[in-house]
Amino acid sequence: MQSATRAAPAAPPRPPAEPARPRRRGRVRTGLNIAIGLFLAYLVVFPLGMLIYSSLKSAELKLPFDIPGFTLDNFVKIFSSPRVLEVALNSAIFVVGTVAVALVISVSLAYLFERTDLPGRRVLAPSALAPMGVPATVMAVAWVLAANPANGPLALLVERVFGISVTIYSLPGMILVAGIFGVPSMYLMLAPTFARLNLEFEEAAATSGAGWLTRTRKIVLPLTLPGMSAAAMLLAVIALEEFAIPSILGTPHQIFVFSSLVQAALQPPSGMSDYGLASAYGVLLVLLSLVMIALYRRQTRESHRFKVVSGKGYRSAPVRLGRWRYPAAAIVTLYVLVAIVVPILTLVWTSLTPFLQPISLHSLGSLGFANYGTIFTDPNLTHAVVNTLVISLVTATLTAGFGLWLALASERGGRAGRALFDLSFLVFAVPSVVLGVAVLFLYLFLPIPVYGTIWIIVIALTTRYIPRASRMLQTSLLQLDGGLEEVGRVSGARHGTVLRRVVLPLVAPSVTRTWLWVFANALGELPIALLLSNSDNRTVVVLLWDMIGESANYPEASALAVLLLAVSAGSVWWVNRRGFQQHI
């Protein structure tokens, strides 16, 4: 009998030792987070620390770091002054009024454009969003020309039709212009909310006999209320830091809000700057902004309780306006004409006139391009144009690069990367005029030779726009399927190769759009450029400010404003043409 023996199974081969890629990747991630943390500290924490330091110095006519000791005299002076109550009241009225005007107009436009069969939407919608391509300084100048009581066509029309004398140099005028300027921002935040509402809710109410007004009041508005409140809070922060509009429209009658008061303390007509008092105002303004930012973040965190779009049976169809279609279109057209077209046309008209005069047929013969000739032959303008282009180009490039770096850290850097990404949101709470003050003091103190150069403006503008740019780019990264990167790593590609060959080409269009957005906004940024400028690094928008404030040469200032408007609007148009419909 033959015995059968079964061979013992061979031991499986030991897998080769895995390379220490996870550990190396962890070290790289830690190093990246540390670098980003130091970078954010340099851009944000150090300037704010210098601002607080300056607010504790009695630095009237002296730089803060030239004075020994610390004091609370600046805050005592603020809270004991009767003027602070007036400024606080003006600021509160300005912010609330601006938000109210923008909210009413934005909600109306968002509902009409996104929920109804309003005729002419393809033309009216981009026309209503036109202020997005107009720098705030240009918008303020345009409204000064269109609504001043002497020869503004809108002011003259109101007086002739209603018998009421109005002036744009007032708190209501500031609110009206700032509210119109804030409409595009709020509309872009509200439009998706109205567009995604499920029609079944309204159909069920209509079946029960509810009319359009009842359905809107009891269904549409409550469901969109969380989005409206979040947008209103964010616009309140923007209105609190708004500088150009209240400064140009309020300063002639000494109507100040906090942002214009900070600038007035630093650059008063008397020339006697009070750095400590300006810093104390800046600290209070940052605290107010932080409170509103905290409310906004809380509101957006709780918005999930009001979601009305699901994957099952969702559909959206336009609400039919019936006999109100054309009256509604006429009202929207009238808004576009009065709020946007007439001021811009008045600006163009004034740029072609030899002196300030109202629009009329018998003045057509006096129109010409002499103001543009003067502008183009002015050596100061040539220097300002070069400065503006360099500042805008470098700022856009640095901001897009650092914003992508921060967005990658948020998505690929673990919990620490996300914490740093959230930390950058702190810059939202720093008004631009306060950021300009903080950067000014920091580089007067540090032995870094950037004060008085274009690079100090680049640093401040990059700090201002990085949080917004990083959030724009984070949205694009969230849309990428992680499987694309996993395939690259499984194929043996290193992490850097996957990032360079897979991730970056996919987000390149978003980087381009972010670059264009920053470039367009940097062109018209006034408060930072104004506080950090001198004769060597002056920009076009600062030159425009000087033309208005010092010489009151509105024809030449209008020609310069038209040129600035053309470049800025062209950039924004290109952004929208590439499909970029986000506004942070």
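This is a predicted model: local features need pLDDT of at least 70, side-chain atom pairs count only at pLDDT 80 or more; totals for chains, interfaces and linings use all residues.

Ser259, Val262, Gln263 and Leu266 in helix α11 meet Val433, Val437 and Phe441 in helix α17; contact here means heavy atoms within 4.5 Å. The residues of this contact divide into five nonpolar, two polar and no charged. In that count, Ala, Val, Leu, Ile, Met, Phe, Trp, Tyr, Cys and Pro are nonpolar, Asp, Glu, Lys and Arg are charged, and the others, Gly among them, are polar.

Residues are numbered from 1 along each chain as its sequence is written, and side-chain values use heavy atoms, with hydrogens and water left out.

How do the axes of α11 and α17 cross? Helix α11 covers residues 258–266 and helix α17 residues 432–445; their axes come within 9 Å and cross at roughly 30°. That makes α11 roughly parallel to α17, a term for angles under 35 degrees. The axes are lines fitted to C-alpha atoms over the stretch in contact, and angles run from 0 to 180 degrees between N-to-C directions.

Is α11 mostly covered or mostly open? Helix α11 is mostly covered, with nine of its nine residues buried, that is, under 20% relative accessible area with a 1.4 Å probe, protein chains only. Among them are Phe258, Leu261 and Ala265.

Turning to the whole protein, there are 23 helices and zero strands. Both are DSSP runs, numbered from the N terminus: helices are H or I with at least four residues, strands E with at least two. Of the 584 residues, 50% count as buried.

The largest nonpolar core has 161 residues, of which Leu109, Phe113 and Leu118 touch the most other members. Such a core is a set of buried Ala, Val, Leu, Ile, Met, Phe, Trp, Tyr and Cys residues joined through side-chain atoms within 4.5 Å. Leaving aside neighbours within four places in sequence, the contacts of Leu118 include Leu124, Leu321, Arg325 and Val332. A second, separate core of five residues includes Leu404, Leu408, Leu473 and Val507.

Finally, Ala155 lies in helix α6, residues 153–162. Ala155 counts as buried because its relative accessibility is 4%. Not counting residues up to four places away in sequence, Ala155 touches Ala146, Ala147, Asn148, Pro149 and Val166.

Conventions. Angles under 35 degrees count as roughly parallel, over 145 as roughly antiparallel, 65 to 115 as roughly perpendicular and the rest as oblique.
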